[in-house]
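Subject: A structure for you to explore

Hi there,

Here is the structure I promised to pass on. Please have a look at it first, and then read my notes below.

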Amino acid sequence: MRRYHPIIITVLGTMLPACLTTAPQPAAPGRQPAVRSEGQQLKFQLASGVYRCEAGRRVQVQRDAINSNLIELGWQGQRRTLLRYDSTSGLPRYEDRQNGLLWIDLPWKSVLMDARTGQPLANECKLG
């Protein structure tokens with residue numbers, strides 16, 4: 001597994017920045033953005049639960065059983081609903097644009113970011 005580590009880092013290094021940008025969304029006051037989950041957008045069957053991250057941080061993720069484009073995220077005593085937006089890489093990208101939270105969801109690890117600055121808030125998050 002160790003020999004694949006540089007390859008994984010290289011792949012993530014090229015894919016994660018693409019998650020920070022979305023395809024243009026039509027601006028319509030009072031409407032939720034259109035969310036596509038077909039085509040080039042990747043779908044992962046991921047579980048709900050507590051994600052343990054670097055530096056002892058924790059993120060609670062509750063996946064919506066009816067709408068796979070929604071997750072509820074618990075972070076620092078706050079609960080937020082995040083909506084999946086298309087990403088240019090196709091990786092699952094959930095965002096609460098009002099509060100500036102971005103959750104990038106991968107089978108091997110996830111990351112919570114400050115969407116306004118692009119800085120990670122909780123990195124190397126794994127279910128467990």
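Let me begin with how the chain contacts itself. Among the contacts with a separation of 6 or more, 42% are between residues 24 or more positions apart. Please keep in mind that this is a predicted model.

Now for the overall layout. There are one helix and eight strands in the chain, and along the sequence they follow the pattern α-β-β-β-β-β-β-β-β. The chain has 128 residues, and 34% of them are buried. Its accessible surface is about 7900 Å², with 53% of that belonging to carbon and sulfur atoms.

How confident is the predictor? The mean pLDDT of the chain is 78, and 70% of the residues reach 70 or more. Two stretches need some care when you read the model. Over residues 18–37 the pLDDT is below 50, and the model gives this stretch 34 contacts beyond near neighbours in sequence. For residues 1–12 the pLDDT stays under 50 as well, and the model has five contacts there beyond four places in sequence.

Most residues other than glycine have a negative phi. Against that background, Q76 has a positive phi, near 50°. You will find Q76 in the loop between β3 (70–75) and β4 (78–85). Is Q76 buried or exposed? Its relative accessible area is 65%, so Q76 counts as exposed, the cut-off being over 50%.

E124 also has a positive phi, near 55°, but its place is in a strand, β8 (residues 120–127). With a relative accessible area of 28%, E124 is partly exposed, because this value falls between the 20% and 50% cut-offs.

Strand β8 also holds L121. L121 is partly exposed, with a relative accessible area of 25%. Which residues does L121 touch, leaving aside those up to four places away in sequence? They are R57, W75, L101, L112, M113 and D114.

After that, go to β8 and pick out E124 and L121.

Happy exploring, and write back with any questions!

Best wishes

Key:
Residues numbered from 1 in each chain as written. Predicted model: local features only at pLDDT ≥ 70, side-chain atom pairs only at ≥ 80, totals over all residues. Heavy atoms only, no water. Helix = DSSP H or I, 4+ residues; strand = E, 2+ residues; numbered from the N terminus. Buried < 20%, exposed > 50% of the residue type's maximum accessible area, 1.4 Å probe, protein only. pLDDT = per-residue confidence, 0-100. Contact = heavy atoms within 4.5 Å. Areas by Shrake-Rupley, 256 points an atom, 1.4 Å probe, with all protein chains shown as cover.
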